[in-house]
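Here is a report on one chain. The sequence and the model come next.

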Amino acid sequence: MEKVYDMTIIGAGPGGLAAGIYGSRSKLSTLVIEKGKVGGQAATTEEMENYPGFFGKTTGPELTAKMEEHAKLFGTEFVKDQVENIIDEGFAKRIKTKNGDEYLTKTIVISTGAEPRVLGVKGEGALRGKGVSYCATCDADFFEDLDVVVVGNGDSAIEEALFLTKFAAKVTVIVIHDEGVLDATPVIAERAFKNPKIEFVWNSVLEEIKGDGIVEGVSVKNLKTKEISELEANGVFIYVGTVPKTDFLKDVIKLDDRGYIITNEMMETSKDGIYAVGDVRQKFLRQVVTAAADGAIAATSAEKYIAEEEMFKEEVLEADKPVVVYFWSPGNEESLDLMAELEKEIDTDKYKLVKIDTYRNMRISRRYEISEIPSLIIFKDGNPSLTLKDNVTKEKVSESLSKF
């Protein structure tokens, strides 16, 4: 019999690893599918000084390695592969991979992250890997005592410029804004301004990367004067944003116009049982700490989803007699009173009574468009056959049940 995982996580960045920890610890059978190295973008970040409780000399690779170890401690399984397709088979979802393997799972957590955005200037593609890089942690030691250029001025760009000063002779940062204006947070910007190895070129953009086989220099355009200047450089590091890795999801779940996954605060996507965490989802702040929080929320949501769906399937959809599904709320006195009356009134030899707390079971309530409390649906042979929403009384319920 084919194994069915409770939760399968696609991508092993901090969000996916946190979901693995929370899922496995909740006794969900949990699988992580990662096509590359575990840790995501965080594993390429040398300086890790804003994750609560971890400071000093903690690095991104160290932190994410501990997260992986933590997830494995609770039983999370890991496989190295690339997901190519997700097929919705109802409650279960089938995942197909590049290696030809298939995995059946009740829930999916998307944690594929985002990749660096390409600038698109002349020479960038031809010299990629030959002096053009998007990861200082990966490539900085190739530029020992050489001159490098950094393009960008957000947190990632300035943090990586600071890291490059440990290796390079000089780091020139090309900034689109007026002198003294960076998009990086003030504490990081101040550190860069004080670093004697960092120089800034203001009001400018990279026009071209030049070199014969390797990077030898760049052309820089001043946006105010329109003048083009030349800089000698042995390396170019580009940090101009990211692109979400969601190509394989376009026909599966709803994305925004930039390709990021749209979720609610429970990390639910537009498809029941599929969640998204970390940099791949539409959100305000993309940091390790927010990705980890996303993972914890998604795993908890997935656990409740499984329990809710399995209960509803067993108690309602597969019941051998008509089922009265009663939607109530602990904050609604009328629904509490009617529930007590129904518990006495309904003949349990002929009918089954299933009570749905609309506060705890919001998804099932949404599925059947329950907006008024109390409401009631009578199911027969697994199908909703009669709905009572307005002014539901014991007498109306008895009259309705007489038809079944």
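## Strands 9 and 10

Strand 9 (residues 147-151) and strand 10 (residues 170-174) pair in the parallel sense, over five bridges. Val150 has Val173 of strand 10 as its bridge partner. Strands count as paired if DSSP finds at least two bridges between them. Helices (H or I, at least four residues) and strands (E, at least two) are DSSP runs, numbered from the N terminus.

This is a predicted model: local features need pLDDT of at least 70, side-chain atom pairs count only at pLDDT 80 or more, and totals for chains, interfaces and linings use all residues. Residues are numbered from 1 along each chain as its sequence is written, and side-chain values use heavy atoms, with hydrogens and water left out.

Five strands make up an open sheet, in the order 8-15-9-10-11, with parallel pairing. Strand 8 (132-133) and strand 11 (198-201) are at the edges with a single partner strand each, so one side of each has no neighbour in the sheet.

Helix 4 (residues 155-164) packs on the sheet. Helix 4 touches strand 9, strand 10, strand 11 and strand 15 (235-238). The direction of helix 4 makes about 170° with that of strand 9. Contact means heavy atoms within 4.5 Å. Axes are lines fitted to C-alpha atoms, for helices over the stretch in contact, and angles run from 0 to 180 degrees between N-to-C directions.

## Helix 2

Helix 2 (residues 60-73) has 14 residues. From first C-alpha to last it reaches 20 Å, close to the 20 Å expected at 1.5 Å a residue; the expected span is 1.5 Å times one less than the number of residues.

Gly60, Leu63, Thr64, Met67, Glu68 and Ala71 of helix 2 are buried (under 20% relative accessible area; exposed is over 50%, partly exposed in between; 1.4 Å probe, protein chains only). Down the axis of helix 2, the buried residues fall within an arc of 140°, so they line one face of the helix. The arc is that of the directions from the helix axis to the C-beta atoms. These buried residues pack against helix 1 (14-25), strand 3 (77-80) and helix 6 (288-317). Lys66 and Leu73 are exposed on the face turned away from the buried side. Just after helix 2, Gly75 takes a positive phi of about 110°.

## The whole chain

The chain holds nine helices and 21 strands. Its radius of gyration is 28 Å, well over the 22 Å that the globule rule gives for 404 residues, so the chain is more spread out than a compact globule. That radius is taken over C-alpha atoms, and the rule is 2.2 Å times the number of residues to the power 0.38.
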